Amino acid sequence: MKIVIIEDEPLTAKDLAACIRTAEPAADVVATLASVGEAKAWFDRNAAPDLIFSDIQLGDGQSFAVFERLMRVVPVIFCTAYDAYALEAFRAAGIDYILKPFNEESVGAALLKYRALKGVAPGASVVAPAVSAAAAILVYYKDKILPVKMAEIALFYLQHEMVRLVMFDSKEYIVNKSLEELEGLAGVSFYRVNRQYLVNREAIKDASPYFGRKLLVNLSLPTEEKITVGRLKVNHFLEWLAGN
């Protein structure tokens, strides 16, 4: 697991790295960045890590400016002395919010939450995880942040540049992530049938031939539009649907 730390206090950054390595011995802290400017420059030149630990108030501004550029691709654990930014932090790809002073226990708990969201056991590689009943995603409803289990989600869909999820009980929530991010988080139980829809295998009732050698996918709950799989993806989709 590749981790980046954004923290402007050298001793705090060193202590945080030590806590991370204690909780996750396989973790590789690939960079420690001390400012918004340094972080922006680093992410412009380097591949995105698996996870970021970040303070919020840095010497040259707030770290939220960094995550706007990352388009919420990388999950962030915020580690700060202030509790006033919690809602904004979760809107900026935050998956946890640790108040300073942190310790090995609080850092370890945050890493466990990250692995639960990824559906991966401690010590395992974070690669194409299968969704588990415990895996969850954070959604926003009024002024609240709610965890929704992946296993309870029937599909994600893109509408008017906004991503929504639909649960098996037909409840809908707005998701502050792109379909590309969700495709990586959801694991092999979900399939990106087209640009607009990411569906759970358990939500699929059947599929049938459609115009232009496409497939029409019928779900166990109604959708506003027909869901189709393009002809170039048909074979791969059918293999996935069969569990191969």
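Visitor: How many helices and strands are there in the protein chain?

Guide: First, a caveat: this is a predicted model, where local features need pLDDT of at least 70 and side-chain atom pairs count only at pLDDT 80 or more, while totals for chains, interfaces and linings use all residues. Residues are numbered from 1 along each chain as its sequence is written, and side-chain values use heavy atoms, leaving out hydrogens and water. Helices (H or I, at least four residues) and strands (E, at least two) are DSSP runs, numbered from the N terminus. The protein chain has seven helices and 17 strands.

Visitor: What percentage of the 244 residues count as buried?

Guide: Areas come from Shrake-Rupley with a 1.4 Å probe, and for residues only the protein chains shown count as cover. Buried is under 20% relative accessible area, exposed is over 50%, and partly exposed is in between. The chain exposes about 12,600 Å², with carbon and sulfur atoms supplying 53% of that. Of the 244 residues, the buried share is 45%.

Visitor: Which residues does valine 107 touch?

Guide: Contact here means heavy atoms within 4.5 Å. Leave out residues up to four places away in sequence, and valine 107 touches Leu16, Cys19, Ile20, Phe53, Ile98 and Phe102.

Visitor: Where does lysine 100 find its partner aspartate 55?

Guide: The two side chains form a salt bridge, N to O 3.1 Å, the term meaning a side-chain nitrogen of Lys or Arg within 4 Å of a carboxyl oxygen of Asp or Glu. Aspartate 55 is buried at 6% relative accessibility, whereas lysine 100 is partly exposed at 25%. The pair ties together parts 45 residues apart in sequence, because lysine 100 lies in the loop between strand 7 (94-99) and helix 5 (104-118), and aspartate 55 in the loop between strand 3 (51-54) and strand 4 (57-58).

Visitor: Which residue does arginine 192 pair with in a salt bridge?

Guide: The closest N and O atoms are 3.5 Å apart. Arginine 192 sits in strand 13 (residues 190-192) and the partner in helix 6 (residues 179-186), so the bridge links parts twelve residues apart in sequence. That partner is glutamate 180.

Visitor: How many salt bridges does a search of the whole structure find?

Guide: Another pair is aspartate 169 with lysine 171, with N and O 4.0 Å apart. Both ends are partly exposed: aspartate 169 at 45% and lysine 171 at 45%. Searching the whole structure gives a count of seven.

Visitor: How many disulfides does the structure hold?

Guide: A disulfide needs a pair of cysteine sulfur atoms within 2.5 Å. For cysteine 19, the closest cysteine sulfur is in cysteine 79 at 8.7 Å, too far for a bond. Cysteine 19 is buried at 10%, and cysteine 79 is buried at 2%. The disulfide count is zero.

How values were computed: Buried < 20%, exposed > 50% of the residue type's maximum accessible area, 1.4 Å probe, protein only.
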